[in-house]
Amino acid sequence: PGCLNVSFAGVDGDALLSDLEDVAVSSGSACTSAEPEPSYVLAALGLSPEQARASLRFGLGRGTRSEDIERAADCVVSAVRRLRGESGAAKKSQSE
């Protein structure tokens with residue numbers, strides 16, 4: 001069993017979390033997952049508030065298969081690309 005925390009620059013972790021309906025994942029650290037503020041645990045590890053807000057926590061257990069990891073990775077990559085595209089389009093329309 002293990003835990004992996006990954007930060008996705010330019011992506012809001014809550015938006016990413018809501019876009020991953022079929023993946024069991026959480027935002028922030030386990031200690032503060034219900035709090036809206038960035039995790040003090042992630043801050044202590046050296047993440048900026050922006051990085052902490054762009055983070056997701058993946059839990060891996062004995063029953064996790066390589067196929068599960070590959071499917072989750074594919075879902076995350078697609079969602080991050082989609083959200084980065086949307087935020088880029090929003091920024092472009094605001095600057096016009």
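This is a predicted model: local features need pLDDT of at least 70, side-chain atom pairs count only at pLDDT 80 or more; totals for chains, interfaces and linings use all residues.

**Exercise 1.** Work out how many helices and strands the protein chain has, and the pattern they follow along the sequence.

*Solution.* Start by counting: there are four helices and three strands. Next, read along the sequence, and you get β-α-β-α-α-β-α. Now check the contacts with a separation of 6 or more: residues 24 or more positions apart account for 75% of them.

**Exercise 2.** Find the strand order in the sheet, and say which strands sit at its edges.

*Solution.* Go across the open sheet of three strands, and the order is β1-β3-β2, with antiparallel pairing. The edge strands are β1 (2-7) and β2 (25-27), as each pairs on one side only. From one strand to the next, the twist averages 25°. Then zoom in on β2 and β3, which pair over three bridges. Here Val25 stands opposite Phe58 in β3.

**Exercise 3.** Track down the largest nonpolar core and say which element gives the most to it.

*Solution.* First, the background: nonpolar side chains in soluble globular proteins tend to be buried together. In this chain of 96 residues, 25% count as buried. The largest nonpolar core has 13 residues, and Phe8, Leu16, Leu20 and Leu56 have the most contacts inside it. Both β3 (55-60) and α4 (66-95) supply at least two residues of this core, and α4 gives the most, with five. Finally, pick Leu20: beyond its neighbours within four places in sequence, Leu20 touches Val25, Leu56, Cys75, Val76 and Ala79.

How values were computed: Residues are numbered from 1 along each chain as its sequence is written. Side-chain values use heavy atoms; hydrogens and water are left out. Buried means under 20% relative accessible area, exposed over 50%, partly exposed in between (1.4 Å probe, protein chains only). Contact means heavy atoms within 4.5 Å. A nonpolar core is a set of buried Ala, Val, Leu, Ile, Met, Phe, Trp, Tyr and Cys residues joined through side-chain atoms within 4.5 Å. Two strands pair if DSSP finds at least two bridges between them. Axes are lines fitted to C-alpha atoms, for helices over the stretch in contact, and angles run from 0 to 180 degrees between N-to-C directions.
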